[in-house]
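These are my notebook entries on a predicted model. I record what I looked up, entry by entry.

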Amino acid sequence: MWFNESVFYQIYTLNFCGAPRDNDGIVEHRILRLNDFMDYFEDLGINAIYFNPVFSSDHHGYDTRDYCKIDERLGTNEDFIEICKNLHDRGMRVVLDGVFNHVGRGFFAFQDVLNNRENSQYKNWFRIDFNGNSPYNDGFYYEGWEGHYELVKLNLDYPDVQNYLLSAVDYWIDAFDIDGIRLDVAYSLPRWFMAMLKDHCRQKKADFFLLGEVLGDNAGYMFSEAHLDSITDYPGFKGLWSSFNSLNMFEMAHTIKRNYGEMYRGQTLFSFVDNHDVERIASKLTDLEKLPLIYGMLFSLPGIPCIYYGSEWGQTGKKEQGSDASLRPEYEKPLPNDLTKYIKKLVEIRNKYKALQLGEYNERILTNKQFVFERVFENQKIIIALNLDENEYTISLNEQKAHSLIENISIDSLNNVILPPKSIQYYLIEN
């Protein structure tokens with residue numbers, strides 16, 4: 001499928017476009033600024049854009065008001081139709097955040113319950129106890145997601161809720177021609193619901209992509225029971241930054257074996273070095289000289305790699321006093337630099353070679369500071385050689401005739417090849 005061969009780019013849409021924190025209902029066409037990034041996305045080699053929530057919400061996008069209306073702070077449905085068409089015209093797919101576990105207090109059905117209580121036609125859309133009370137003193141109790149009562153849990157067992165959400169997804173496909181959905185808090189969703197959604201979407205689009213947000217591991221049921229195409233690889237994310245900081249590549253190698261040799265054999269995970277919920281990799285790494293190298297790993301290891309907007313030019317960001325604001329800055333134009341050029345080269349290589357997209361993974365050399373592995377697809381073999389040390393490191397592999405894809409030079413053999421300090425190489429083996 002297309003998604004297994006793609007490089008994704010994630011945008012936290014509201015913040016990226018400079019939307020205010022609170023939705024005042026005033027329509028501002030901020031999302032159209034994405035038109036100014038189209039050339040940049042295409043030049044970078046991106047195959048798919050994953051948008052964090054774009055639909056009308058109370059504050060941050062995950063507190064939905066209306067599943068079929070683009071957030072007023074971003075613009076109109078017509079604006080987003082234009083953006084999606086422009087992306088598709090340039091060969092890029094569109095994946096939206098699907099927030100189906102909960103809604104905001106401004107959601108029309110919950111507002112009706114607030115106004116009409118037991119007489120509301122939507123009372124069964126939520127899990128409500130009219131004999132209790134809520135932290136908002138509503139005069140009834142309802143279930144909030146993980147204790148967050150600004151996020152009202154939907155009753156997904158109720159047929160009207162299922163029909164409403166499926167009809168909303170139909171609208172997204174019909175109006176915006178979207179190519180996939182990332183399921184927010186998939187670990188909180190019923191497995192049967194995700195499987196139903198997958199079957200429904202595949203009837204509309206045969207190659208539709210469903211990605212599940214999973215924070216831990218041992219979630220094979222997401223594939224076997226929920227029928228998802230991929231899940232977020234948080235163990236791989238932790239393995240990358242942690243092994244780089246501790247100079248212990250055994251951790252990363254162990255994570256790969258556990259992911260792809262044990263828990264998720266035959267599946268492909270959604271990989272990243274940062275996203276909208278975690279500190280930026282440029283703030284996470286203790287040695288910024290290794291920043292290009294961690295991207296070299298991201299684009300060569302098994303997985304579907306995703307770049308979080310701005311990190312490709314070294315954006316920093318830490319969680320501050322429980323706030324994610326610094327992780328989600330506004331941009332009016334791209335700010336490419338030497339790191340961006342390097343990442344563009346890595347993306348170009350990955351887009352060209354099936355071995356990096358789909359290839360079997362085999363470990364070749366492993367020490368604390370060095371990691372050499374290969375990706376093999378049919379007759380194509382690429383060897384990745386990472387040296388995190390301050391000193392040179394010599395490798396000897398029984399491989400003749402290779403081409404360094406990053407440096408674009410040919411090598412007679414991989415015997416007694418010197419890896420420079422803090423470097424990564426991609427060697428295409430020439431038969």
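**Entry 1: H227.** I looked up the exposure of H227 and found a relative accessible area of 32%. I therefore list H227 as partly exposed, since that class lies between the limits of 20% and 50%. I then checked the backbone: H227 has a positive phi of about 65 degrees, although this residue is not a glycine. As to its place in the chain, I located H227 in the loop that runs between α7 (221-224) and β13 (230-231).

**Entry 2: V185.** I turned to another non-glycine residue with a positive phi, V185, for which the angle is about 40 degrees. Is V185 buried or exposed? I noted a relative accessibility of 3%, so V185 counts as buried, the cut-off being under 20%. I found V185 in the loop between β11 (180-183) and α6 (191-204).

**Entry 3: α5 and α6.** Two packed helices are described by the angle between their axes and the distance between the axes. I looked up both values for α5 (residues 159-176) and α6: the axes come within 11 Å and cross at roughly 35 degrees. I recorded the crossing of α5 and α6 as right-handed. Which residues make the contact? From α5 I listed Q162, L165, L166, V169, D170, I173 and D174. From α6 I listed W192, F193, M196, L197, H200, C201 and K204.

**Entry 4: the open sheet.** I next traced an open sheet of 6 strands, with antiparallel pairing and the order β16-β17-β18-β23-β20-β21. Why is one side of β16 and of β21 left without a neighbour in the sheet? I noted that β16 (360-366) and β21 (409-413) stand at the edges and that each has a single partner strand, so one side of each has no neighbour there. I recorded an average twist of 25 degrees from one strand to the next.

Entry 5: Strands of a sheet pair through backbone hydrogen bonds, either parallel or antiparallel. For β16 and β17 (residues 370-377), I found antiparallel pairing over 6 bridges. Within this pair, I saw that E360 stands opposite V376 in β17. I also looked up what packs on the sheet and found helix α9 (residues 249-263), which touches β16, β17 and β18 (380-387).

Conventions. Residues are numbered from 1 along each chain as its sequence is written. This is a predicted model: local features need pLDDT of at least 70, side-chain atom pairs count only at pLDDT 80 or more; totals for chains, interfaces and linings use all residues. Side-chain values use heavy atoms; hydrogens and water are left out. Helices (H or I, at least four residues) and strands (E, at least two) are DSSP runs, numbered from the N terminus. Buried means under 20% relative accessible area, exposed over 50%, partly exposed in between (1.4 Å probe, protein chains only). Axes are lines fitted to C-alpha atoms, for helices over the stretch in contact, and angles run from 0 to 180 degrees between N-to-C directions. A crossing is left-handed if the near helix is turned anticlockwise from the far one by less than a right angle, and right-handed if clockwise. Contact means heavy atoms within 4.5 Å. Two strands pair if DSSP finds at least two bridges between them.
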